[in-house]
Amino acid sequence: MKLKRTIRIFKLSFRALTRNKMRTALTMLGIIIGVGAVIAMVSIGAGARQGVEAKFNAMGTNNLTVSSGSRMTGGAQSGTGTIPLKLEVVQLILDRCPSVAFASPVYQTRNQVIFENKNWNTLIQGVNEDFDIIGNWTLDSTYAGRFFEQAEVDSGATVCVLGADTVTNLFPGSDPIGQIIRVRDVPFTVIGVLKAKGQSGGPGGSRDDMILAPYTAVLERLLGGGTLTLNSIQISAVDEESTDSAMNEVTELMREYNKLEPGASDNFTVRNMADIAESAADSTNILTVLLGSIASISLLVGGIGIMNIMLVSVSERIREIGIRMAIGAQKIDILVQFLFEAVVLSVVGGILGILLGFGTSKLLHYIPMFATITTIVSTGSVLLAFGFSAFVGIFFGYYPASKAAHMDPIEALRYE
Amino acid sequence: MNPVLIRLDNIVRTYHIGEVDVRALRGITYNVLRGDFVAIMGPSGSGKSTLMNILGCLDRPTSGTYFLDDQAVSGLSDKSLATLRNTRIGFVFQSFNLLKRTSARENVELPMLYADVSGKQSRERALKALKLVGLEGRETHNTNQLSGGEQQRVAIARSLVNNPSLIMADEPTGNLDSKMSEDVMKIFLDMNREKKITIILVTHEPDIAAYANRVIHVKDGLINREDVKLDIGQGGTR
Ligand SMILES: Nc1ncnc2c1ncn2[C@@H]1O[C@H](COP(=O)(O)OP(=O)(O)OP(=O)(O)O)[C@@H](O)[C@H]1O
Ligand SMILES: [Mg+2]
């Protein structure tokens, strides 16, 4: 009984909206743009997050990085009690940590690299023969290359494997395999090329712009030999599940090696790649929230548009309200009639806005300026935007509707 | 059934405008019998419309009691008053008060929306009521396409559809010429005689008041005099 009345009142509301088509369309436009903007903006943020996650996953999630110095917020390392990372630790880790599969020392040096008349400044990393497995690197099969072997590491052979970007810069259009490049007048023979991984999410640019060489060669020929401090140790756990236990084992070993008292804080850092990936992805959440909030403001403005038009609609129809009340409409009937109008505006606007947002995020990369942006429309953001728009309709529609419902029938009937 | 439909006991209505109190009704005591036809006359500003609003349950008296069908109206909630207006009372106004850009039929169906009458039944009853007031064939016309007399007949049809026991008409012929007025009054007379609907109407014209069984004269918020048609017998004043 009551439901039927509600349905019939809903029809009244709907008819009032179709009567003023232009006004209805313009009011809806505010909501359409608001919802569309929220969905499109959030999809950009979500796309950025997914991109970052994918890149980190390419590095391998069962990886650990040991570096000297305690972990500090903002990436700074504290100087107090920092103990240099020594080469012998790598062997200790391999011997005494059962969850660790591979470990490689890393020496880094940035140098000018010369091939024939070409010059390129890049990062040279001295690593061992397992580094390709640890870092999830594969060889580019278009070249007949290979990674260096243990014998070459042991003997300090001056061979190297090039990152994809380095190849592009030093060997545009030619095969680097077997060629000799010079770093500080030391000749290195190119024996392999790595497959590109793409732009890294963090600072430092491309991870593909670097050269890998046996750490022995890098230490002796480029860094001057001796017991130089390692930049880091790269470790991979036996499998993804044992990453945590590997982390504990390595931490225990490092504390013992550095002779730390129980309770003293670590003077080294063991970081899990998955954690780094997570925190980098989290930073994109800030972007999402920021974009989403800006877009939400337009949704709010759309809501104010609804309120404005509903107030106009109520004051235009005071006489009608009086007539309805005189013949027996209750306050709630009038309230519902006007509230429905606002809700139809916002809900229909919301649905069209979802389509707009969806379309925008799908078509965005056809615009040259935004070609590199990836977007992901999540069900969550659609529901959120739609729910928010419905809420906006009820919130901003309530005041005009209740104003209508609380009119005095006599005053309303007398209104000209 | 109590033969008294309306019992008014010392009804006072005071409007407060700033510091000034306007006493529109200063103590009306009167009974209306079931099936009666009462005309209210009186000079402008004497309180006729104020009285009609109270009788029609659109307004509440400042003091005094009003019983409609043995029910004390003063104590009812807004919601109950709305239900009362919907089911027991029909309104006819001087300015018709029909919905614009809406067909005659839909205007007549309106009270039934709030009475939860089914769509099919509303339609049937609306068509029947329009036929009764002589508007057969005009059902789909929008109200602004109708003449004043026709509009007022739509309003009368609307006041009838929920089978009220009382019809309140405040100057129903005020905007009509004499021919139209006659048509409208004939319908009221039929309603009163055949359906035994109690009718209370306000008018300035003695010709119109002559249709009623009784004429009460209001002056300065008080009933001044009552004229009773001879063939009716003893009336309602106490
Ligand atoms: N809403 C109101 N606020 C203040 N005063 C009012 C209000 N309505 C009526 N009055 C006053 O109450 C008195 C009676 O008014 P009412 O409308 O009942 O007169 P009436 O007899 O219907 O007059 P008319 O024949 O001109 O329609 C008048 O003095 C009027 O000014
Ligand atoms: Mg009046």
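1. A polar contact here is a pair of N or O atoms within 3.5 Å. Keep that cut-off in mind for the ligand below. Note also that this is a predicted model.

2. Start with ligand 1. It lies between chains A and B. Around ligand 1 there are 16 residues, and the closest are Ser44(B), Gly45(B), Lys48(B), Ser49(B) and Thr50(B).

3. Which atoms of Ser46(B) come within reach of ligand 1? A backbone N or O atom of Ser46(B) lies 3.3 Å from an oxygen atom of the ligand. An N or O atom in the side chain of Ser44(B) is 2.5 Å from a ligand oxygen. For the side chain of Thr50(B), the distance is also 2.5 Å. Alone, ligand 1 exposes 630 Å², and the protein buries 70% of that.

4. Now the shell around ligand 1. At least two residues each come from α13 (409-414) of chain A and from β1 (4-17), β2 (20-33) and α1 (48-55) of chain B. The most, 3 residues, come from α1(B). By type, the shell has 5 nonpolar, 7 polar and 4 charged residues.

5. Turn to the second largest pocket. Its volume is about 1200 Å³. The lining has 45 residues; Arg19(A), Glu320(A), Arg324(A), Leu99(B) and Thr102(B) lie nearest the centre.

6. What supplies the largest share of this pocket's lining? The answer is α1(A), with 7 residues. Other helices that supply at least two residues include α9 (273-316) of chain A and α3 (104-113) of chain B. The lining divides into 13 nonpolar, 14 polar and 18 charged residues.

Conventions. Residues are numbered from 1 along each chain as its sequence is written. Chains are lettered from A and ligands numbered from 1 in the order in which they are written. This is a predicted model: local features need pLDDT of at least 70, side-chain atom pairs count only at pLDDT 80 or more; totals for chains, interfaces and linings use all residues. Side-chain values use heavy atoms; hydrogens and water are left out. On a 1 Å grid over the protein atoms alone, a cavity is a set of points where a 1.4 Å probe fits but cannot get out, and a pocket is an open set with protein on both sides within 12 Å along at least five of seven lines; lining residues have an atom within 4 Å of a point. Grid points are joined across faces, edges and corners, and a volume is the space filled by probe spheres set on the points. Helices (H or I, at least four residues) and strands (E, at least two) are DSSP runs, numbered from the N terminus. Ala, Val, Leu, Ile, Met, Phe, Trp, Tyr, Cys and Pro count as nonpolar, Asp, Glu, Lys and Arg as charged, and the others, Gly among them, as polar. A residue is near a molecule or strand if one of its heavy atoms lies within 4 Å of it. A polar contact is a pair of N or O atoms within 3.5 Å; within protein, one must be able to donate a hydrogen and the other to accept it, and residues adjacent in sequence count only if both atoms are side-chain atoms. Accessible areas come from the Shrake-Rupley method with a 1.4 Å probe; for residues, only the protein chains shown count as cover.
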